[in-house]
Amino acid sequence: MTATTNQPRSRVEELERIYRAHLTACPRQHFGILTDCAKGLRLRRALHATRATADKGAP
Ligand SMILES: [Zn+2]
């Protein structure tokens, strides 16, 4: 993990990278909420939550 940041948008981009890398590397299935992968689900939830925060903070 990189250093903590107060920039939600940077967090979103970072989480997106992590999530996409996971989708590429993970042998499990990822069909939205029907995902068969607990880690993938956690990453997706974190990504969406962070994205919602970033959107809320948008001017
Ligand atoms: Zn996975």
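The secondary structure of this protein comes to 2 helices and 0 strands. The model is predicted. Of the 59 residues, 5% count as buried. Helices α1 and α2 are roughly antiparallel to each other, and their crossing is left-handed.

**Overall make-up**
- Helix α1 covers residues 8-25, and helix α2 covers residues 38-56.
- Contacts between residues at least 6 apart in sequence were sorted by separation: 53% of them join residues at least 24 apart.

**How the helices pack**
- The axes of α1 and α2 come within 9 Å.
- They cross at roughly 160 degrees.
- An angle over 145 degrees counts as roughly antiparallel, and α1 and α2 are therefore described that way.
- The hand of the α1 and α2 crossing is left-handed.

**Who meets whom**
- On the α1 side, the contact uses Pro8, Arg9, Arg11, Val12, Leu15, Glu16, Ile18, Tyr19, His22 and Leu23.
- On the α2 side, the partners are Lys39, Gly40, Leu43, Arg44, Ala46, Leu47, Thr50, Arg51, Thr53 and Ala54.
- By class, this contact of α1 with α2 has 10 nonpolar, 4 polar and 6 charged residues.

**Arg11, a buried position in α1**
- Arg11 is found in helix α1.
- Arg11 counts as buried because 20 C-beta neighbours lie inside 10 Å, and the cut-off for buried is 20 or more.
- Arg11 and Ala46 are 35 residues apart in sequence, with their C-alpha atoms 9.8 Å apart in space.

**Arg17, an exposed position in α1**
- Arg17 also has its place in helix α1.
- Arg17 is exposed, with 10 other C-beta atoms within 10 Å; the exposed class takes 12 or fewer.
- Between the C-alpha atoms of Arg17 and Leu47 the separation is 9.9 Å. These two residues are 30 residues apart along the chain.

**Phe31, in the loop**
- Phe31 is found in the loop between α1 and α2.
- Phe31 has 7 C-beta neighbours inside 10 Å and so counts as exposed.
- From Phe31 to Leu41 the C-alpha to C-alpha distance is 9.8 Å. In sequence, Phe31 and Leu41 are 10 residues apart.

Notes: Residues are numbered from 1 along each chain as its sequence is written. This is a predicted model: local features need pLDDT of at least 70, side-chain atom pairs count only at pLDDT 80 or more; totals for chains, interfaces and linings use all residues. Helices (H or I, at least four residues) and strands (E, at least two) are DSSP runs, numbered from the N terminus. Two residues are in contact if their C-beta atoms, placed from the backbone, lie within 7 Å. Axes are lines fitted to C-alpha atoms, for helices over the stretch in contact, and angles run from 0 to 180 degrees between N-to-C directions. Angles under 35 degrees count as roughly parallel, over 145 as roughly antiparallel, 65 to 115 as roughly perpendicular and the rest as oblique. A crossing is left-handed if the near helix is turned anticlockwise from the far one by less than a right angle, and right-handed if clockwise. Ala, Val, Leu, Ile, Met, Phe, Trp, Tyr, Cys and Pro count as nonpolar, Asp, Glu, Lys and Arg as charged, and the others, Gly among them, as polar.
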